[in-house]
Amino acid sequence: MTTIVAWAGVDQRKVASVYIASDSRISWGSHQWNQGRKTFAATGTPHIFGYWGDVLFPSIALPTVLDELEAGVIRPRGSAFGEIGSSIRRLWNDYPKQEQRDLGIIMATRRRDAMMSVFELAVMTYEAKTDTWHIDDVEMPDRSSRLHIAGTGAYEVRNAENLWQESSHKRTSRAVYSAFAEALAQGKDRNSGGGPQLVGLRRIGPGIRFGIFHQGQRYIAGARIPQASARSAEVEWFNELFERVDGANGRLLTNAQRHAPR
């Protein structure tokens, strides 16, 4: 299992960004690995993904979907996620029955660019008991807020988020991410752990994979990154308070907005 959360950032005009954050722990009974990739960002198209539940199928299928998007095999028409959903189900068709388990996939995209941009997000789930797939669109908000939360650690994130929403940071992107990072650091859910991983979409450009500076460690896509490598990594880094920082030393960047703890 996992902890995964998606949210929208809204400025004075409308939705300006969408993010998906997840933990990095993969569990096999009593065994755990804390560098498992659970979020994905397309480098050539405006798409991001994250998953929870069963690990094996989505961790293999989503890179294939990214390749198909970037190769033009998937060309969304009409529904933003119809062809993506069809591709996922095609890959599932001959997936071994005995390995089919509950899972969920969050997927987000953007139509058009700049001030004409429209963000969309959907949640695709598979229920093994009924052998059924569902795709549900999630309505975009008019204020910065959480769009979806799932996984075994969802309860802990909600508790932290309630505290952040009672602070001066309410209705901001940083409140959602900081609540997620705080809950993960507390470690109350034994099935969630490792470093946070984060992907996002902004008004211009393809999906973005961010670096995370968390509890003195550096992570990209859940993998720990040495300090020397962080200096040369061409990614934007965030800390636990969703501040833009130098990935090598964790210090706030020049002209970056400072965020106070709750």
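Exposed means over 50% relative accessible area. This cut-off is needed for the view of asparagine 255, which is exposed at a relative accessible area of 77%. The model shown in each of the views is predicted.

**View A. Asparagine 255, an exposed residue with positive phi.** Asparagine 255 sits in the segment after strand 16 (244–245). Its relative accessible area is 77%, so asparagine 255 counts as exposed. Phi of asparagine 255 is near 70°, a positive value in a residue other than glycine. Most residues other than glycine have a negative phi.

**View B. Alanine 114 in the loop between strand 7 and strand 8.** Alanine 114 belongs to the loop that joins these strands. Phi of alanine 114 is near 55°, again positive in a residue other than glycine. The relative accessibility of alanine 114 is 33%, and the residue therefore counts as partly exposed.

**View C. The crossing of helix 1 and helix 2.** Helix 1 spans residues 56–71 and helix 2 spans residues 82–92. Their axes come within 10 Å and cross at roughly 130°. The two helices are therefore oblique to each other, and their crossing is right-handed. On the helix 1 side, the contact involves Phe57, Ala61, Leu62, Thr64, Val65, Glu68 and Leu69. These meet Ile84, Ser87, Ile88, Arg90, Leu91 and Trp92 of helix 2. Sorted by class, the residues of this contact are 9 nonpolar, 2 polar and 2 charged.

**View D. The largest nonpolar core and tryptophan 133.** The largest nonpolar core has 26 residues. Those that touch the most other members are Phe49, Phe57, Ile84, Ile88, Ile105 and Trp133. At least two residues of this core come from each of strand 6 (47–53), helix 1, helix 2, strand 7 (103–111) and strand 8 (118–127). Helix 1 gives the largest share, 6 residues. Nonpolar side chains tend to be buried together in soluble globular proteins. Leaving out residues up to four places away in sequence, tryptophan 133 touches Phe57, Ile88, Arg89, Trp92, Leu103, Met124, Thr125 and Tyr126. A second, separate core has 24 residues, among them Ile149, Ala181, Ala183 and Phe238.

**View E. The crossing of helix 3 and helix 4.** Helix 3 covers residues 154–165 and helix 4 covers residues 173–186. The axes come within 8 Å and cross at roughly 135°. Helix 3 and helix 4 are therefore oblique to each other, with a right-handed crossing. Helix 3 contributes Glu156, Val157, Ala160, Glu161, Trp164 and Gln165 to the contact. Helix 4 contributes Ala175, Val176, Ser178, Ala179, Phe180, Glu182 and Ala183. The contact of helix 3 with helix 4 holds 8 nonpolar, 2 polar and 3 charged residues.

**View F. Leucine 198, a buried residue of strand 11.** Strand 11 runs over residues 197–202 and includes leucine 198. With a relative accessible area of 1%, leucine 198 is buried. Leucine 198 and phenylalanine 210 are 12 residues apart in sequence, and their C-alpha atoms are 5.6 Å apart in space. Phenylalanine 210 is also one of the residues in contact with leucine 198.

**View G. Aspartate 54 in the loop between strand 6 and helix 1.** Aspartate 54 lies in this loop. Aspartate 54 counts as buried because its relative accessible area is 11%, and buried means under 20%. Not counting residues up to four places away in sequence, aspartate 54 touches Tyr95, Arg101, Asp102 and Leu103. Arginine 89 is 35 residues from aspartate 54 along the chain, and the C-alpha atoms of the two are separated by 15 Å.

**View H. Arginine 25, a buried loop residue.** Arginine 25 is found in the loop between strand 2 (15–22) and strand 3 (26–28). Its relative accessibility is 14%, so arginine 25 counts as buried. From arginine 25 to asparagine 191 the separation is 166 residues in sequence and 6.8 Å in space, C-alpha to C-alpha. Asparagine 191 is among the residues that arginine 25 touches. Residues up to four places away in sequence aside, arginine 25 also touches Met1, Gln32, Trp33, Asn34, Lys38, Asp189, Arg190, Ser192, Gly193 and Gly194.

Key:
Residues numbered from 1 in each chain as written. Predicted model: local features only at pLDDT ≥ 70, side-chain atom pairs only at ≥ 80, totals over all residues. Heavy atoms only, no water. Axes fitted to C-alpha atoms, helices over the stretch in contact; angles between N-to-C directions. Helix = DSSP H or I, 4+ residues; strand = E, 2+ residues; numbered from the N terminus. Parallel < 35°, antiparallel > 145°, perpendicular 65-115°, else oblique. Left-handed = near helix turned anticlockwise from the far one by under 90°. Contact = heavy atoms within 4.5 Å. Nonpolar A, V, L, I, M, F, W, Y, C, P; charged D, E, K, R; others polar. Core = buried A, V, L, I, M, F, W, Y, C linked by side-chain atoms within 4.5 Å. Buried < 20%, exposed > 50% of the residue type's maximum accessible area, 1.4 Å probe, protein only.
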